[in-house]
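User: I would like to learn how to read pockets and strands in a protein model. Could you take me through them step by step?

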Amino acid sequence: MNSMTVALDVDGVLLDCDGAFCIVASHYLKKPLRVLNRAYDLGQRYGITQQDVYAVFEEMASHPQGWGGMPALQDAIAAAKKLQNNGYRIELVTAIPQKLEQMRLACLAAHDFIPDAIHCAGHHTASKKGIVEKMNPIMIVDDRLKHLYECNSVPYRVWVDHGDEQDGLEFDSTEVFRVRSLEQWVSQWFEHYHNQDNKRAVQP
């Protein structure tokens, strides 16, 4: 285990992809959108067709508030930088195509954050397990339970819960920690776990 390596998701952990999608979709479709439910499928969440979802994702490549200008979640960047400033290596594991990597890095740089590494897993349904196993981090933080459950060799698995549907999976408090934000988890980390000699995980 690399006790100073941290695996962070980006969308839903550092950046507000959902908010950005809504802004770009409203502009592209020329109508205001609102959240109808907490379905992971954005077509269901906003009541639009899958064709429109795909078109909006393409539009996000050029829209100023799309992939290159996505807003950060509150205090998330400061939390990531706190980890970095205390010697942790921050490696991003994000479910986007490789072609969007530079736009993602530019967006984070605009928020004054430079990760130590970035790994693009591909489509949003792709597994992150292989990437994370090679990293062998002390912790992984993600807003999707499926990624946390499949990475069961990581000592600290942390779910940022936005109230979204989780592919039918239920939260198991014996498996993962649940927080409302990266900032909340980082505060807990430095209060309870950072100074442990072996950093061996305790029960969530």
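Analyst: We begin with the ground rules, then turn to the pocket and the strands. This is a predicted model, in which local features need pLDDT of at least 70 and side-chain atom pairs count only at pLDDT 80 or more, while totals for chains, interfaces and linings use all residues. Residues are numbered from 1 along each chain as its sequence is written, and side-chain values use heavy atoms, with hydrogens and water left out.

User: What volume does the largest pocket have?

Analyst: Rolling a probe the size of a water molecule over the atoms shows where empty space is left. On a 1 Å grid over the protein atoms alone, a pocket is an open set of points where a 1.4 Å probe fits, with protein on both sides within 12 Å along at least five of seven lines, and lining residues have an atom within 4 Å of a point. Here the largest pocket has a volume of about 980 Å³, and of its 36 lining residues the closest to the centre are Cys17, Tyr40, Leu42, Phe57 and His124.

User: Which element gives the largest share of that lining?

Analyst: Helix α3 does, with five residues; helices are DSSP runs (H or I, at least four residues) and strands likewise (E, at least two).

User: Is strand β4 mostly covered or uncovered?

Analyst: Buried means under 20% relative accessible area (1.4 Å probe, protein chains only), and six of the six residues in β4 (137–142) are buried. Two strands pair if DSSP finds at least two bridges between them; β4 runs parallel to β1 (2–8), joined by four bridges, and also pairs in the parallel sense with β5 (156–160) over four bridges.

Definitions and conventions:
Grid points are joined across faces, edges and corners, and a volume is the space filled by probe spheres set on the points. Buried means under 20% relative accessible area, exposed over 50%, partly exposed in between (1.4 Å probe, protein chains only).
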